[in-house]
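Okay, thanks for coming, everyone. Let me put the model up and then talk you through a few spots.

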Amino acid sequence: MIKHIKISNLSTKLLRKPLTAIVEPDDEGYIARTIDLPLYGYGGTEKEAVDNLKYEIETTYNELIQTTQLSEEWLKHKKFLQKIIV
């Protein structure tokens, strides 16, 4: 069964606007993915998949902030994250 959830905080950061995530069963657990970003989290439970997705979002944000040479697509994602992360 596919669920839509709202993510309003990451591991150590808050979001100005919640992100919508889709959580769905996989062969060995669950996959959580965002609609706005090409990122995924995997886990044995729904909560673990969402927690891993939050970690991926925050890690990606931290890496993008430190990087200046980005493709147009990743520059767009960087700007999006800068707008929603407090």
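So, the side chain of Thr20 and the side chain of Lys6 make a polar contact at 2.8 Å. By polar contact I mean a pair of N or O atoms within 3.5 Å, where within protein one must be able to donate a hydrogen and the other to accept it, and residues adjacent in sequence count only if both atoms are side-chain atoms.

Quick caveats: this is a predicted model, so local features need pLDDT of at least 70 and side-chain atom pairs count only at pLDDT 80 or more, while totals for chains, interfaces and linings use all residues. Residues are numbered from 1 along each chain as its sequence is written, and side-chain values use heavy atoms, with hydrogens and water left out.

Back to Thr20. Thr20 sits in strand S2, residues 14-26; strands here are DSSP E runs of at least two residues, helices are H or I runs of at least four, and both are numbered from the N terminus. Is Thr20 buried or exposed? Thr20 counts as buried because its relative accessibility is 16%, and the cut-offs are under 20% relative accessible area for buried, over 50% for exposed and partly exposed in between, with a 1.4 Å probe and protein chains only. Setting aside residues up to four places away in sequence, Thr20 touches His4, Ile5, Lys6, Arg33, Thr34 and Ile35; contact means heavy atoms within 4.5 Å.

Now the strand pairing, which for us takes at least two DSSP bridges. S2 and S3 run antiparallel, joined by six bridges, and a two-residue hairpin links them. Ile22 stands opposite Arg33 in S3. S3 then pairs with S4, again antiparallel, over four bridges, and this hairpin has five residues between its strands. There, Ala32 stands opposite Gly41 in S4.

Leu39 lies in that loop, between S3 (29-34) and S4 (40-43). Leu39 is buried, because its relative accessible area is 8%. Beyond neighbours within four places in sequence, its contacts include Ala32, Leu53, Ile57, Thr60 and Trp74. The C-alpha atoms of Leu39 and Thr60 are 8.8 Å apart, with 21 residues of separation along the chain.

Last stop, the core. The largest nonpolar core has 19 residues, and Ile7, Ile57 and Leu81 have the most contacts inside it. S2, helix H1 (46-66) and helix H2 (72-84) are the elements giving two or more residues to this core, and H1 gives the most, with six. A nonpolar core here is a set of buried Ala, Val, Leu, Ile, Met, Phe, Trp, Tyr and Cys residues joined through side-chain atoms within 4.5 Å.
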